[in-house]
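Please work through the following exercises with the sequence and the model at hand. Each task is followed by a solution in steps.

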Amino acid sequence: MLSIIVPVYNRENLVGETIESIRSQNRTDWECLLIDDQSSDNSFEKMKDQIRGEDRFRLFRRPFDYPRGVSSCRNFGFEQSCGDYIFFCDSDDLLDSTFWNAYAPHFEEDPQLDYLNIRFARFCDSPSRLYRKSPVKPTDLSILEAIAGRKLSHATASFIWKKEYLASQAFLWDTELICGEDREFSFRMLSGNSVGKAISEPVLYYYRKHETETRTTVRKSRGWQKQMLGMEYRIVSSMIRQAKEKEESSKLIDFLGDNLRRLMKKSSRWGNHEFLLRFFELSKELSLSPYAKRKLDRSFYVSQCFLPFWSFWTQSGK
């Protein structure tokens, strides 16, 4: 059985569509857990009316002894779930009616699978107007290599997990992160000894694309920037440690080097000298080719040169 966990906060105008898309599943071995994050609008009452009398839907309010936020709601939903498999769904997105019918057979055919990596498509107004699909995994890369090289999506909607595998982890969603929790979660889960499979077709999850004031405002704060750099540092350092322990392929090493170059540039652009140095020190643990090492060293020195300019720019509120 699949447990679909949906955290909800102030989505009274959209969550109804999500519920209807889940209800339309043409397999019956699923349950849906709606976790209201103490919404200030009528989301809870609307959901309660919409699912009244349906056993496969269960509605909860986040307990007050759990922190606020999407990660906390997902953790709580996982604890309440009864299914063998877990899918974390956003409260404004949509599932095709054949979603679970198409993906369940992969788990049935291979009981060793800990997760499926699936694709999704973005839409703005209607799922009939899809404008971009998440990428297909390159055939010459592992799932972890592809995600590390940004060739494959790490988004929450990209994974269906075996509950037994998630339950074996030290913890699930990091409730202290403001943003980027899906990236941190996916990398940490994939860094274990997991068995997965990437499915390129069909695309049966529809991701609603829209900007929110909260997201835009948060991204301007230096506290958010420092937290994001700290999260990226944990991810890359963990992957480097894993690559050294397992003697991973040179492709993954190259991807990690490219990621560190990108993160040094980002640290410089955000005026953060501390993380610029930390990422450069981390790069010394990689067995890079002479050419890749020269590229990375050059990026570090260029980033250092531009750091005073970016620091002035960000402090000036530009």
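A residue counts as buried when its relative accessible area is under 20%, as exposed when it is over 50%, and as partly exposed in between. The model used here is predicted.

**Exercise 1.** Determine whether Phe275 is buried or exposed.

*Solution.* The relative accessibility of Phe275 is 4%. The cut-off for buried is under 20%. Phe275 therefore counts as buried.

**Exercise 2.** Classify the ring pair of Tyr233 and Phe275, and locate both residues.

*Solution.* Step 1: the ring centres are 6.4 Å apart, and pairing requires centres within 6.5 Å. Step 2: the planes stand at 65°, and angles over 60 degrees count as edge-to-face, so this pair is edge-to-face. Step 3: Tyr233 belongs to helix H9 (residues 222-246) and Phe275 to helix H11 (residues 273-283), so the pair ties together parts 42 residues apart in sequence.

**Exercise 3.** Describe the pair formed by Phe99 and Tyr103.

*Solution.* Step 1: the distance is 5.1 Å centre to centre, with 85° between the planes, and the pair is edge-to-face. Step 2: both residues lie in helix H4 (residues 99-109), four residues apart, about one turn of the helix. Step 3: both Phe99 and Tyr103 are buried.

Conventions. Residues numbered from 1 in each chain as written. Predicted model: local features only at pLDDT ≥ 70, side-chain atom pairs only at ≥ 80, totals over all residues. Heavy atoms only, no water. Phe/Tyr/Trp six-rings, centres within 6.5 Å; stacked < 30°, edge-to-face > 60°. Helix = DSSP H or I, 4+ residues; strand = E, 2+ residues; numbered from the N terminus. Buried < 20%, exposed > 50% of the residue type's maximum accessible area, 1.4 Å probe, protein only.
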